[in-house]
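Subject: Handing over a structure, with notes

Hello,

Here is the structure I promised to pass on to you. Please have a look at it first, and then read my notes below.

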Amino acid sequence: MNDKIVDKIINCAYRDAGLFTKIQIFILTMKDREVKELYCKYRATASEVRKIKEDELPERCVEKINENAGLKPSKDTSFFTDIVILFTSKPMIASFAAFVLLGILITAIYIKRPEQQIEYSQEEILKAGNDAKLVFETINKAFEKTKNEIEEEIFKDKIAMPLNKSLNKISKIISKGDIK
Amino acid sequence: MSGGFRLYIRKMIIEAKYHYFIRLYKNKIFTYALYMLKNRMDADDVTQEVFIKIWKNIEEVNYNSAKTWIIRTTHNACIDLLRKRGIELKRETGIDEYFEETYAGNKTENDPYVSFNMKHTGETIKEAIQRLPGNLKSVFVLYEIEELKYKEISNSLGIPLNSVKVYLMRARKRLQEELEKKEICGAENYE
Amino acid sequence: MKRKIFILFFLLLTAAGVSAQKNDYTKDPGYFDFSAITSFMSGDKGSEIMVEEPLLKMLAKMSGDKDDELSRQFSELKLIRLNSFNIEEKDAENVENKIASIDKELTAKNWDRIVRTKSDSEYTNIYVKTSGSEKFLGIVVTSINHKTKNVSVINVVGSIYPELIGKIAKDFNLPQMDKIKKGMGKGK
């Protein structure tokens, strides 16, 4: 195990390695026990290191920082601060994006609003009812016509009648005892 | 727009910017100072000092480059304070190549704050990180704990990008050695 | 922080887009555009019925007292549309071709042609868009009468309960509906 391999193992353990290196080390860990042990050791340390968070600056220090600048402490102004920062850090981009999106939002609300706010008169509603009924009557008529055709014409004339004729013939033959 | 209103808006923007920097960087500055100085009181002082500098330069500080500028200022403030503590440093490249020799010789048992903190933090890894030589520790803390990128660390500390990678690798190896040493020797070295 | 703000704006944009499209029945699977055939309308002698979602919701509300089923049906409809018009003799062949291409288009879009009748020089096709459940997502009716030179096209969009089609045709009656006869079958 040379220095290069050790470095690669450490990088893998700390999740700093590229894909090929990861594959290479993975294969090595399967083959070489020493590699695997080393990797596991570093991996364990890396996991513990990752759990370490930044230390929190005590509140009294933050107050002092504000005092030094002659400011009141900032309480829950983060969203407001973020908006101000957004517009001041990259004003052109942020403003443009904000105006476009605001415009879209207003347009969408405007498009939607009239339909919600229309009040229909009773006459309009009743006319709509009549219109709807007319359309469904038309559809229903077409269905019933088809149903009638199937029952009266197709079934009766084309299927039922010939079937009846055949059945009659057969019954006559059977009753006469004449099988042909 | 009247002059008074414009001034008010300007003041509002400046204050928002300052509060933004406080919110974003207070813990980063404090954490870095704490690891470098191993002393909460000194870390507080350095944090105050850095924010005073931020306030004085608030209008010039650019959002994009703020992070590296702030970390650099913090690092320099830590070095200045360590120097005042009587530790000789060589500052040829921003990070002392011989920091390891000089700072590593500073035994923690002589510092009552340090031994107190070490006993009572109870976190083995943190202790081991604290014991890393200064140059390696800087890079390690900035990368692993404060999650800066290589380029940001390089710009903040004024060292080449490759040096950052080398120091980081050395720090990881040294940390592992420290942890294994502690396992073998037990806690007796730290009492 | 910036990511938070941009995510917020992105969500606003999506909400705006979604809300703007909310009443757009043209995107509905049961919708069919007849503009290709209605362009053959001769003169001003034609009827158009167009009942959109807000009015259908009103109908649902008003019929709720009398019949829950009908109320439910109307509340789930998005559009009822009928166009009926006369055509010129010279356009008859073109209209027939157009109806044939509509037939192909509908079948290509997975509509089922459930009725195809021909009687007294009147050709009628009925198509339904199914959803895998018992409800239809849309109904399209095309009808051409060569004798009277009349073309009718119907599109009903929304969730349609087949068993209620007949009920609406026969039983649907709002109070005082009989009094409003003027304009029945005519344009809005």
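What follows is a short tour of what turned up, chain by chain and contact by contact. Please keep in mind that this is a predicted model.

Of the 191 residues in chain B, 38% are buried. If you take the contacts in chain B between residues at least 6 apart in sequence, 64% of them join residues at least 24 apart.

The largest nonpolar core has 47 residues, and B:Ala33, B:Val139 and B:Phe140 touch the most other members. Two or more residues of this core come from each of these elements of chain B: helix H1 (3-37), H2, helix H3 (66-84), helix H6 (124-130), helix H7 (134-145), helix H8 (150-157) and helix H9 (161-185). H1(B) gives the largest share, 14 residues.

Which residues does B:Ala33 contact, leaving aside its neighbours within four places in sequence? They are B:Ala43, B:Val46, B:Thr47, B:Thr74 and B:Cys78. There is also a second, separate core of 46 residues, and C:Ile37, C:Met58, C:Val128 and C:Ile168 are included in it.

**Where chain A meets chain B**

The next stop is the interface between these two chains. On the chain A side 28 residues are in contact with 33 residues of chain B. Helix H1 (3-13), H3, helix H4 (59-68) and helix H5 (78-89) of chain A each supply at least two residues of that side. The largest share is the six residues that come from H5(A). Sorted by class, the side of chain A that touches chain B has 13 nonpolar, eight polar and seven charged residues.

The axes of H4(A) and helix H2 (residues 40-56) of chain B come within 10 Å and cross at roughly 30°. That angle is why H4(A) counts as roughly parallel to H2(B), as angles under 35 degrees are placed in that class. The crossing of the two, H4(A) and H2(B), is right-handed.

From H4(A), the residues A:Cys61, A:Lys64, A:Ile65 and A:Asn68 meet B:Asp44, B:Thr47, B:Gln48, B:Phe51 and B:Ile52 of H2(B). By class, the residues of this contact are four nonpolar, three polar and two charged.

**A helix pair inside chain A**

Two packed helices are described by the angle between their axes and the distance between the axes. Within chain A, the axes of helix H2 (residues 19-31) and helix H3 (residues 33-51) come within 6 Å and cross at roughly 120°. With that angle, H2(A) is oblique to H3(A). H2(A) passes H3(A) in a left-handed crossing.

What makes the contact between them? On H2(A) there are A:Ile25, A:Leu28 and A:Thr29, and on H3(A) there are A:Val35, A:Lys36 and A:Tyr39. These residues divide into four nonpolar, one polar and one charged.

**A few residues in chain C**

Most residues other than glycine have a negative phi. C:Asn110 has a positive phi, near 65°, and is a residue other than glycine. You will find C:Asn110 in the loop between helix H5 (92-108) and strand S3 (112-119) of chain C. Is C:Asn110 buried or exposed? C:Asn110 is exposed, because 9 other C-beta atoms lie within 10 Å, and 12 or fewer is the cut-off for that class.

C:Lys149 is not a glycine either, and its phi is positive at about 55°. C:Lys149 sits in the loop between strand S5 (136-145) and strand S6 (150-160) of chain C. C:Lys149 has 16 C-beta neighbours inside 10 Å and therefore counts as partly exposed.

Finally, C:Met50 is in strand S1 (residues 46-52) of chain C. C:Met50 has 15 C-beta neighbours inside 10 Å, so it counts as partly exposed. C:Met50 and C:Leu82 are 32 residues apart in sequence, while their C-alpha atoms are 6.6 Å apart in space.

Enjoy exploring it!

Best wishes

Note on methods: Residues numbered from 1 in each chain as written. Chains lettered and ligands numbered in written order. Predicted model: local features only at pLDDT ≥ 70, side-chain atom pairs only at ≥ 80, totals over all residues. Axes fitted to C-alpha atoms, helices over the stretch in contact; angles between N-to-C directions. Helix = DSSP H or I, 4+ residues; strand = E, 2+ residues; numbered from the N terminus. Parallel < 35°, antiparallel > 145°, perpendicular 65-115°, else oblique. Left-handed = near helix turned anticlockwise from the far one by under 90°. Contact = placed C-beta atoms within 7 Å. Nonpolar A, V, L, I, M, F, W, Y, C, P; charged D, E, K, R; others polar. Buried ≥ 20, exposed ≤ 12 C-beta atoms within 10 Å, placed from the backbone. Core = buried A, V, L, I, M, F, W, Y, C linked by C-beta atoms within 7 Å.
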